[in-house]
Amino acid sequence: MNAKISYHYQKNFADFKMERMHTHDKGNFEVMYIKGGNCTVATPFGEHRLSAGEFILLGNECPHLLEAQNATILNIEFYIKAGDINIDSVMREYPELYDIFEQRALSLSDKSEVFSALLSLVSELRVNGEGLCSELLFKRLLIEIARTYKKRESPSEHYVRAAIDYIDAHFCERLSVSDVAREVGINRSYLQSLFKSATGKTILEYINSLRIAKACFIMKNTDLSVVDIALDCGFASRQHFMYIFKAQTGMTARQYRGGNKDYERE
């Protein structure tokens, strides 16, 4: 099997949305890697929300629409079954590529060296164009994509990771289990079960552990009152904060602060 590189770029997108769906020619594939920021790739078969360290491979004449927000994207397009780059040895060594090339839209989190391989390839093409070095780097890119594909997350791992990412970014806000499940896109009870199995904690236990960790940092480094700390860390009331704090640390806020500061009434 042969291949041919047809297009490549590295661009910064401040606020970008394609006006209409784009479809590649038959046998034409595109790798879009998110170096920074966020973007959404919409297809007739589903929507892919991508952030730094993730990439998508589009192929099999899949229509797609890109919307990017402050994103830096590395991109390469190539044809298979056409061109001068012989990839038979790579395909034999990594038969996962046959499955990959059957996909219409495959999004993955980089678990190998896809970014390094793609950046090296795009840089080589910019400076020296096509040649032996770019051919070798292209083969390396295919290998790293295959390795990442082999290490890809199961659907349950994906949901748990998405939940953790969302909680980590929003735990200081008013946040419920239903909010997290809605963001992840699955049933609340199902997410609870997956999360507990993967982390050993319920979603609320995980949220509260983050809030208490932040509260401890604030108490050690500021003179803020317990009421202010509770609100800053996402608790609805001082009483609820004090209850969770005692349950997780085994002491009151005053005891944690050393017992010699009167920032709270207990």
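Some ground rules come before the tour. Because the model is predicted, local features need pLDDT of at least 70 and side-chain atom pairs count only at pLDDT 80 or more, while totals for chains, interfaces and linings use all residues. Residues are numbered from 1 along each chain as its sequence is written, and side-chain values use heavy atoms, with hydrogens and water left out.

Let's start with the pockets. A pocket here is an open set of points on a 1 Å grid over the protein atoms alone, where a 1.4 Å probe fits and protein lies on both sides within 12 Å along at least five of seven lines; lining residues have an atom within 4 Å of a point. The largest pocket has a volume of about 950 Å³, a volume being the space filled by probe spheres set on the points, which are joined across faces, edges and corners. It is lined by 29 residues, and the closest to its centre are Arg49, Glu54, His158, Arg161 and Ala162. Two or more lining residues come from each of β2 (28-43), β3 (46-51), β7 (105-109), α5 (155-170) and α6 (177-184). Those labels are DSSP runs numbered from the N terminus: helices are H or I with at least four residues, and strands are E with at least two. Helix α5 gives the largest share of this lining, nine residues.

What is the lining made of? By class, the largest pocket has 10 nonpolar, 10 polar and nine charged residues. Nonpolar covers Ala, Val, Leu, Ile, Met, Phe, Trp, Tyr, Cys and Pro, charged covers Asp, Glu, Lys and Arg, and the others, Gly among them, are polar.

The second largest pocket holds about 270 Å³ of space. Of its 13 lining residues, Asn60, Ile80, Lys81, Phe101 and Glu102 are the closest to its centre. Its lining has seven nonpolar, two polar and four charged residues.

Now for the salt bridges, each a side-chain nitrogen of Lys or Arg within 4 Å of a carboxyl oxygen of Asp or Glu. The count comes to eight. Go back to Arg161, one of the residues closest to the centre of the largest pocket: its side chain meets that of Asp165 in a salt bridge (3.4 Å, N to O). Both lie in helix α5, four residues apart, about one turn of the helix. Arg161 is partly exposed at 24% relative accessibility, and Asp165 is partly exposed at 41%. (Buried means under 20% relative accessible area, exposed over 50%, and partly exposed in between, using a 1.4 Å probe and protein chains only.)

In helix α6, Arg182 and Asp179 sit three residues apart, about one turn of the helix. Their closest N and O atoms are 3.1 Å apart in a salt bridge. Arg182 is exposed at 60%, whereas Asp179 is partly exposed at 24%. Shared partners also join Glu54, Arg161 and Asp165 into one network of salt bridges.

Last stop: the backbone. Most residues other than glycine have a negative phi. Asn70, in strand β5 (residues 65-80), has a positive phi near 50°, and it is exposed at 59%. Lys81 also has a positive phi, about 65°. You'll find Lys81 in the loop between β5 and β6 (85-86), exposed with a relative accessible area of 67%.
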